[in-house]
Amino acid sequence: MSLRPTPRGWALLAGAVVTFQLGVWLGSIDLVRIGLLLTALVVTALLVALLRDPARGRRRLDVVRSVAPNPVHAGEETQVRVEVVASDGAGRARLAGLRLAEQAAVELSGGRPLRARVARTPDRVTVRYPVRAAQRGRWPLGPLVVTRTDVFGVVRARSTLGGESEVAVWPAVSALPAPADVLVGEPDRVALGARTPSTDDANLRDYREGDDLRRVHWRSSARRGALLVRSDERAGLRPVSVLVDLPVRSSAAEWTVSMAASMALAMLDGGHRVRLVGSAVGARPQDGLRGGATPFLHATAGTGARAGLLDLTVDLEAPRTQQEADARLLDAAHLLDTSDAAGQIVLAVLGPASHAARGALAHIGDATQGWALVRGDARGLDANEAHHTAQALRRAGWRVAAAEAGEDPVACWLRLLGAGR
């Protein structure tokens, strides 16, 4: 808490000093008493403000903050509601004279003052305001800053009330068209060892956009009056690993995360089991890990699968150096090569790769169905390396399409699907 006199308080202190010195010089006891009285007034106001701190004591004010929706996608707005509640008469007296200000990270406020709507009742103050999430990550809101003055207006006290809240910001994603038969074709039931049950005992679920009409169970659909598909046949689809290769530049890194997340969601909605691989996915900063993989998520978990997948992208950080970026990609390629990746579909968003990483990625293509977007850069050297990366992957059996950071994800996705025709 910070305490300081207001302009009126400073004027009273200056007047007290002048009056006291004038009284001493003139030998006037009355002037000396007036100077001491003015000083005592300011000091007493300081002590009262200190004792009536709304954030301390048994009668402190309580703060409840809620954010909805949370998490939110980058570029979207979320609504914040802050309630300051007084539980008794003394708390209501403290609440009456408070001025409230909310603190927010620049990534949420844009560096501008927050514009809020305030509603007051005798025992409660409610503040509502919107924030726009500008960047992926976890950003703090709060604590609440309260300012109050004493009855005489000579002292101003500022303190924080309540704690911080956190807003998780997912990457911006695009709704990519369902890959249909271009990417996955019919499920390879022999290779996957799936048993095909009879139509009568198949598990049915509601039709979702993108489902193959050949999987519709027409007899049950006619009986129900709504389209139903055989969920058991969706289980035969190949699992998908989405390989994320983050560049050093932050702007290109955000585009890469958004592109990879959009691809992962498209495959998840298509019924595949999906996981993210690379760029320290699933690793905490204190672990010192450079590359990782997450468990497979499946759409049968409902909206929780989408949220779980997006949550994994929130804490992804771009590498600090190109050497670190190369090491992350090499670790992820080795992980895919050593794990049980045979028969999987690997979707990759890559930058220009080193010679060692190109060799490791080419080896993955022997056991998986690989599709890669190779991100180029404006600099000539990087563009040349991106070309060599794309050529090496094509020779290894990958389907490859070129992309530029900042390009429309839907256009990149359609170009990649076109590479397999």
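Analyst: Strand 4 (residues 77-85) and strand 7 (residues 124-132) are paired in the antiparallel sense, over 9 bridges. Here strands are DSSP runs of E with at least two residues, helices are runs of H or I with at least four, and both are numbered from the N terminus; two strands count as paired if DSSP finds at least two bridges between them. Within this pair, V82 stands opposite V127 of strand 7.

The model is predicted, so local features need pLDDT of at least 70 and side-chain atom pairs count only at pLDDT 80 or more, while totals for chains, interfaces and linings use all residues. Residues are numbered from 1 along each chain as its sequence is written, and side-chain values use heavy atoms, with hydrogens and water left out.

The peptide bond from A68 to P69 is cis, with omega near -5°.

A second open sheet has 5 strands in the order 14-13-15-16-17, with parallel pairing. Strand 14 (274-277) and strand 17 (399-404) each have a single partner strand, so one side of each has no neighbour in the sheet. The twist in this sheet averages 15° from one strand to the next. Strand 16 (residues 369-376) runs parallel to strand 17 and is joined to it by 6 bridges; V374 has A402 of strand 17 as its bridge partner.

Helix 14 lies across strand 15 (345-350), strand 16 and strand 17, at about 155° to strand 17. The axes of helix 14 (residues 409-418) and helix 9 (residues 250-269) come within 10 Å and cross at roughly 60°. That makes helix 9 oblique to helix 14 (under 35 degrees is roughly parallel, over 145 roughly antiparallel, 65 to 115 roughly perpendicular, and the rest oblique). W255, M259, M263 and M267 of helix 9 make the contact with P409, C412, W413 and L416 of helix 14, where contact means heavy atoms within 4.5 Å.

Note on methods:
Axes fitted to C-alpha atoms, helices over the stretch in contact; angles between N-to-C directions.
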